[in-house]
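Thank you for making the time this morning. I would like to walk through one structure slowly, beginning with a term that we will need throughout.

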Amino acid sequence: EWMPTRMGEGGRIFRALDFGDLARLVLVDRQRRFLWPAADDGHEFLGREQSEWLDATVAGTSAAWLVLAQASRFASPSMSGEGHGWGDASRERMLAARDSAGIRNLVVVGGNIHTAEALDVRRPQVSEYDPLTGEGSYGVELLTGSITSPGGGSGTDGVPQVFWREGSFRHYLLLDVSPDRLQADWFG
């Protein structure tokens, strides 16, 4: 979130990186909206300009995997599947873009919550979600904890879409991606 990075046109750091037909890595910038807000950002989590860019970037994805890298929480860890991080409206906008583009493999990676987690991305109040089969999941979210700050909390709290949570270690996350699978390994 606050790491050194190359600045693009107009000071932008949000961008997409393509790895052939294997993966498109989409990097968004949550802080831009707070540092340089625009009058028409409204309630968009990323602001209007970046949200429109994200819609177009997702629509143009033909890779086997769409990996959304961001510095917050995308999926909701609540029993209802509502709230948290991106909020319902901005999360729904991203999922609608995913649906329109016909993307099957969405992986959201993130951090800045001081715990490592693995959870399904589900829509609020969707009764067809089944944590045993993954039916009704719109992707997965893989979060890594801090490498310097203390974490907190472990366990899933009985929430069906949360498969693993660990906050007692400092973490980093390694992704191994092939055309038919993505494997995440946390090191703490």
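Predicted model: local features only at pLDDT ≥ 70, side-chain atom pairs only at ≥ 80, totals over all residues.

When I call a residue buried, I mean that it has under 20% relative accessible area, while exposed means over 50% and partly exposed means in between, with a 1.4 Å probe and only the protein chains counted.

Residues are numbered from 1 along each chain as its sequence is written, and side-chain values use heavy atoms, with hydrogens and water left out.

Let me start with helix α3, residues 87-101; helices here are DSSP runs of H or I with at least four residues, strands are runs of E with at least two, and both are numbered from the N terminus. The expected span of a helix is 1.5 Å times one less than its number of residues, so the 15 residues of α3 should span 21 Å, and its end C-alpha atoms are 22 Å apart, which agrees.

Which residues of α3 are buried? They are Gly87, Ser90, Arg91, Met94, Leu95, Ala97 and Arg98. These residues cover an arc of only 150° around the axis, which puts them on the same side of α3; the arc is that of the directions from the helix axis to the C-beta atoms. On the other side of α3, Ala89 and Ser100 are exposed. The cover over the buried residues, counting contact as heavy atoms within 4.5 Å, includes α2 (48-59), β3 (65-69), β4 (106-110) and β5 (116-121). After α3 comes Gly102, with a positive phi near 70°.

Arg91 forms one with Asp88, at 2.6 Å from N to O, and the two lie in α3, 3 residues apart, or about one turn of the helix. Arg91 counts as buried because its relative accessibility is 1%, whereas Asp88, at 33%, counts as partly exposed. Arg98 likewise meets Asp99 in a salt bridge of 2.7 Å, N to O; Arg98 is buried, with a relative accessible area of 10%, and Asp99 is partly exposed at 35%.

Across the whole structure, a search finds 14 salt bridges, and Arg73, Glu117, Asp157 and Arg165 are linked in a network of them. Another joins Asp40 to Arg48, with the closest N and O atoms 2.3 Å apart.

Turning now to helix α2, its 12 residues reach 17 Å from the first C-alpha to the last, close to the 16 Å expected at 1.5 Å a residue. Its buried residues are Gln50, Ser51, Leu54, Thr57 and Val58. Seen down the axis, they fall within an arc of 125°, so they line one face of α2, while Ala56 and Ala59, on the other side, are exposed. Among the elements covering the buried residues of α2 are β1 (15-19), β2 (23-27), β3 and α3.

Terms used
Salt bridge = Lys/Arg side-chain N within 4 Å of Asp/Glu carboxyl O.
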